[in-house]
Amino acid sequence: MNDCEKLYASFHYLRLFFEDFSLWRREGGALGLPETLTSLEYDYLFRGTDSSIYIPMWASTALSGMDVLLDENTLSVIREYKAHGYESKGLDGNPPDYIGEQFRYLEYLYRFSMEREADEFISAFTLETFREMYSALKKSTEDREVMAICRLAIDALNRRGIELPTEGFDSRSWTKGSAIEVEKPHPVIQSSYSDCGNKCRIRTTVQEGCIISIDPDKSSEKYFSYCPRGAAYRKTFLSSRRLRYPMERVGRRLEGKFRRISWQEAEEKVAAIIRESHREGVGSRYVIGGSGVLAVLSGGDLTRRLLSVDGGQLSHYGSYSFGAAITVLPRMFGQTLIGNHESEILNSKMLLLWGNNLLTTHFGSEQKRLLMEAKQKKIPMVVIDPRLSNTAMVLGAEWIPIRPGTDAALAAAMAYVIVEEGLCDRDFINRYCLGFDGGNMPSGIPQCESYLAYLEGEKDGVKKTPHWASGITGIPADTITSLALRYARARYACIMPGLGPQRTLAGEQNYRAIMMLPALVGSYGKAGGGVVAWARPTGGRPTFPNVVNPYPYSIPQFFWQRAIDAPENLTPELGLKGGERLETPVRYIFSIASGRMMNQHSDLNYTRRLLLEEGKIKAVVLTDLFMTPTAKAADLILPSASFFETENINTPWSDEDYALYNHKAIEPIFSCRFELDWLKDVSRILGIDREFLNGNSTQEEWLRSIWNEFRKGREELPTFEDFRKNGLALIENPNPHITFSRSLGSERPFRTESGRIEILFKEYIGNSTLPSLPCYVPTEEGYEASREGAYPLQLLAFHSKRLCHSIHDQNRLLEELEGPSVWISKEDAKARGIENGETVEVFNDRGVSRLRAFVTDRIMKGVIAMQEGYWYTPDEKGVDTRGSINVLTFSHRANPIGHSTPQHTNLADVRKISIGSR
């Protein structure tokens, strides 16, 4: 046997080991190696089923030094394959540069005596790939069989083969191929369905199933920008840390240990869980909210549809993003969408960005561009925010720092100045508002309950002066006075409210108070006035056609923990709809493209206790792309496909009029599948496929049906085929650019019960926790509490330019852009002996998070801030080590009207880390 034949034998057996463990067990015995590796341990090491183990096995990861797949290095490997007539087999769903595929290619080369080509390929790709893999294996296992395989590989890569018979090898039947033409690069028009307001149209260049580049598409009528997150999409989503195969938990919940199962097994287990849940009642089933896929066709909607067809599930309402706002805006104005068209930014005489950092949060494709034009036009801009945000810095805006949760006090003091200086529009108030003063009160309500009476302090004896507000907000009284006068005299100024002020325990009050100001100066319905908000009236959007859920109960999204632990306490007073008490606790959770359970929701240590308590939660079924903190809590994991690997329809957040079509760029990697593909199989097992699918078996059929339904009566819209081809459809908007401009002057200008802006919520008169007026209310863990308790600092979260909620944290390339940090003022840091860049602990009674201190003048004294979204990563003592703010937030209370998240209302402190606590 010559050297070439010996190496042929070596690479044959190496290929078998990495191709299929059961095949290896059948044929690998000829080598006489120790058989010490179990199939479970094999999965841990080579199939990614143990969250604590990461073994890189691809040329792309080895040569790039990053966790990326299907990049230029993969393309180079494919070019080598094709140059010598070899077609990749996609072993076990792996990309073509997988170490097992490389060993198979070397088996091919030695089978046909192409020794020089083999040497060149080993030098260029296999040596480095193996080195990376071997280094990780030595840190993860001491298994004798694995080490023996590594020694076999080391010998083979150094041209020392084994002398064993090769007659029975399957590769004996292979034929030598001719050179194969390499596919030319081609563009694919895409749009990521991350929870980002822009929904940018991007041009992805694809060659041989590899993503070569991503660029903003500038060929369309719409303007689409580009941000670091978009530029990093392929390193985020096409990562070697992707979930690869269906898995079932074998360790304790949150331990992150699983065994691989087949898709058929997974589907049967999901069906069995759904059948089992009927014993507890359909109300025991809950699809937890989440926005990992914010597109028209999402796995979450499909799962809810399946459960509804099967008898129902406990549903939820509200929103983590704007739950308080969508509760009070319809009550005040008769509609949620009250914002003017974003082009009105340029018609304004002054812009107030109130808790709005939109250069980071990306509200639509136009607002950033328009704000930069407004800067060039020298339109005065003021940013009201506890932090000097990126938006304020880029725009060169005036910064007015404000204590978190005190926005209603600032708005009330501004209103007081406007009234006192005679700058309010009495004609507008008298015609269009209800509850302002004694002259326009609802029937039977005394004048002392009016908004003016509140400002004058008739009931509490406190006039809502700038001096009063200064003590609450931390803003100097003369600054408040100046701001109020400038705003009222601008004729007209525009308020651009963000969503942070309403994600507080008094969120409804903050939003009601802010929205009062345009009413006082009569700027609603006027050019340049009113608000340009996160939402405006649009031309509509295609939506998923869910079926009616036959189970009548619905809970606020924020109280899902309570539905597990104390369902008897969820009453209509706490937002329960459909009955007086829940019939059953939640026992079965479906987490579909959601990071909420163990990352994005408040009080993670409480959730952790619920997950670990025996029998409290019977099953967690999860789909995701990565082994997230929530995935570690799952009992059954089904790996999903990224936007690179699926088709879908995207629409921006509700402030622009277009739809985007996302084209599939590549085939799903490993054995990942879009949720529809396995849910339809589950529906067949359950015998409800006809009702579930409604004639739409494929993704394309669903998307076509949804688009055609949206297009009815809108002949100006393109056909589905034309929409898919172009990738962009502009949606005609019948609404005026200036909201309310057409209705003012009509008999009922607003869609409220009275037909006017309802300042007073009369049903709350006399209620101490639900104020009837847009007034300031001190709250638990608000500013006043910070002066009295053990935790003197107000803690808030903010959106990072690096993260889209919890998406992108695993992409460590973006760590250079921004990493976890706690913002703290220089004065507060000095009092605690903290230096900039030091690792510190933020703590309160609920938990501890360890991260870097950012000591800065860009945050006001008494306030600290952390980025939301970083992945909860506890050490052995339960201390979070990755800056997850939700070990510090509370979940026992929500804001009182919308029952939505108060996650910007928290008290905490910061300390240096002692040597013993590291």
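Student: Which residues of H5 are buried?

Tutor: A residue is called buried when its relative accessible area is under 20%, exposed when over 50%, and partly exposed in between (1.4 Å probe, protein chains only). In H5, the buried residues are Asn-73, Thr-74, Leu-75, Val-77, Ile-78, Tyr-81 and Lys-82. An α-helix has 3.6 residues a turn, so residues three or four places apart point the same way. Please note that this is a predicted model, in which local features need pLDDT of at least 70, side-chain atom pairs count only at pLDDT 80 or more, and totals for chains, interfaces and linings use all residues. Residues are numbered from 1 along each chain as its sequence is written, and side-chain values use heavy atoms, with hydrogens and water left out.

Student: What covers the buried residues of H5?

Tutor: Helices (H or I, at least four residues) and strands (E, at least two) are DSSP runs, numbered from the N terminus. The cover of H5 includes the helices H4 (59-64), H6 (99-111) and H7 (115-140), together with the strands E2 (202-207) and E3 (210-216).

Student: How many residues has H5, and what is found at its ends?

Tutor: The expected span of a helix is 1.5 Å times one less than its number of residues. H5 (residues 72-83) has 12 residues and reaches 16 Å from first to last C-alpha, close to the expected 16 Å. Its N-terminal end is capped by Asp-71, a side-chain oxygen of which lies 3.0 Å from the backbone nitrogen of Asn-73. After H5 comes Gly-85, with a positive phi near 75°.

Student: How do E2 and E3 pair?

Tutor: Two strands pair if DSSP finds at least two bridges between them. E2 and E3 are antiparallel, with 6 bridges, and Thr-205 stands opposite Ser-213 in E3. In their hairpin, 2 residues lie between the strands, and Glu-208 takes a positive phi near 55°.

Student: In what order do strands close into a barrel?

Tutor: The barrel has 6 strands in the order E21-E25-E22-E24-E23-E26, with mixed pairing. E21 and E25 (residues 863-867) run parallel and are joined by 5 bridges. Within this pair, Ala-797 stands opposite Met-866 in E25.

Student: Which residues have the most contacts inside the largest nonpolar core?

Tutor: A nonpolar core is a set of buried Ala, Val, Leu, Ile, Met, Phe, Trp, Tyr and Cys residues joined through side-chain atoms within 4.5 Å. The largest one has 99 residues, and those with the most contacts inside it are Phe-333, Leu-351, Trp-354, Met-414, Leu-517 and Tyr-524. Helix H17 (residues 407-420) gives the largest share of this core, 12 residues. Apart from this core lies another of 94 residues, among them Cys-4, Trp-58, Leu-152 and Ile-202.

Student: Where does Ile-495 lie, and why does Ile-495 count as buried?

Tutor: Ile-495 is part of strand E12 (residues 493-497). Ile-495 counts as buried because its relative accessibility is 0%. Beyond its neighbours within four places in sequence, Ile-495 contacts residues including Trp-354, Leu-517 and Val-531.

Notes. Contact = heavy atoms within 4.5 Å. Polar contact = N/O pair within 3.5 Å; in protein donor to acceptor, adjacent residues only side chain to side chain.
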